[in-house]
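The paragraphs below take them one pair at a time.

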Amino acid sequence: MADGDEDLPRDAKIVKSLLKSMGVEDYEPRVIHQFLELWYRYVVDVLTDAQVYSEHAGKTTIDCEDVKLAIQSKVNFSFSQPPPREVLLELARNRNKIPLPKTIAGPGIPLPPEQDTLISPNYQLAIPKKQPAQAVEETEEDEAGASDTNPSRDQKTDAPQQTPQRVSFPLGKRMT
């Protein structure tokens with residue numbers, strides 16, 4: 001073994017040999033300690049669960065079946081199984097029923113139709129509507145008489161609300 005392996009505990013030597021068997025040659029020495037901590041924590045969790053299962057069954061000691069049950073419950077809780085192959089095939093069949101969008105033939109990289117792209121017009125211009133002459137005069141009078149800080153609702157005029165008109169422009173095709 002390498003230099004310094006003689007003073008390593010047995011478990012650390014096992015972790016080191018596992019890393020070597022998997023082809024991992026270059027790693028920080030702290031990695032061994034992190035694996036050992038993970039390993040010890042996992043074993044303590046499994047044995048604690050096995051003890052709970054043993055007590056629930058009314059046994060005084062933990063046996064092999066309790067440990068197997070604890071490991072199986074930990075695997076079921078920690079890891080999810082992939083869906084069966086039949087389910088994946090059915091999902092793929094349903095997805096593949098919808099054909100891919102047709103591409104636009106032209107120079108350069110082919111792009112999907114405009115309705116399927118993110119480069120369609122995404123802006124709007126706000127064009128204010130022209131105010132009638134009477135409404136403009138009333139607005140000017142209201143600004144002049146602004147000394148009245150709390151006008152009642154009865155004094156308000158029935159001028160139409162000014163909402164901007166929205167217009168969008170599609171991007172034109174570039175002529176080259």
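**How the helices pack**

Helix α2 (residues 30-56) packs against helix α3 (residues 64-78) at an angle of about 120 degrees, and their axes are 8 Å apart. That angle makes α2 oblique to α3 (angles under 35 degrees count as roughly parallel, over 145 as roughly antiparallel, 65 to 115 as roughly perpendicular and the rest as oblique). The crossing of α2 and α3 is right-handed. From α2, the contact is made by Y42, D45, V46, L47, D49, A50, Y53 and S54, and from α3 by D66, V67, L69, A70, I71, S73 and K74; contact means heavy atoms within 4.5 Å. Sorted by class, the contact of α2 with α3 has nine nonpolar, two polar and four charged residues.

This is a predicted model, in which local features need pLDDT of at least 70, side-chain atom pairs count only at pLDDT 80 or more, and totals for chains, interfaces and linings use all residues. Residues are numbered from 1 along each chain as its sequence is written, and side-chain values use heavy atoms, with hydrogens and water left out.

Next comes the other pair. Helix α1 (residues 10-21) and α2 pack at an angle of about 110 degrees, with 10 Å between their axes. α1 and α2 are therefore roughly perpendicular to each other. Here too the term is right-handed: α1 passes α2 in such a crossing. On α1, the residues D11, A12, I14, V15, K16 and L19 meet V31, I32, F35, L36, W39 and Y40 of α2. By class, the contact of α1 with α2 has ten nonpolar, no polar and two charged residues.

Terms used
Axes fitted to C-alpha atoms, helices over the stretch in contact; angles between N-to-C directions. Helix = DSSP H or I, 4+ residues; strand = E, 2+ residues; numbered from the N terminus. Left-handed = near helix turned anticlockwise from the far one by under 90°. Nonpolar A, V, L, I, M, F, W, Y, C, P; charged D, E, K, R; others polar.
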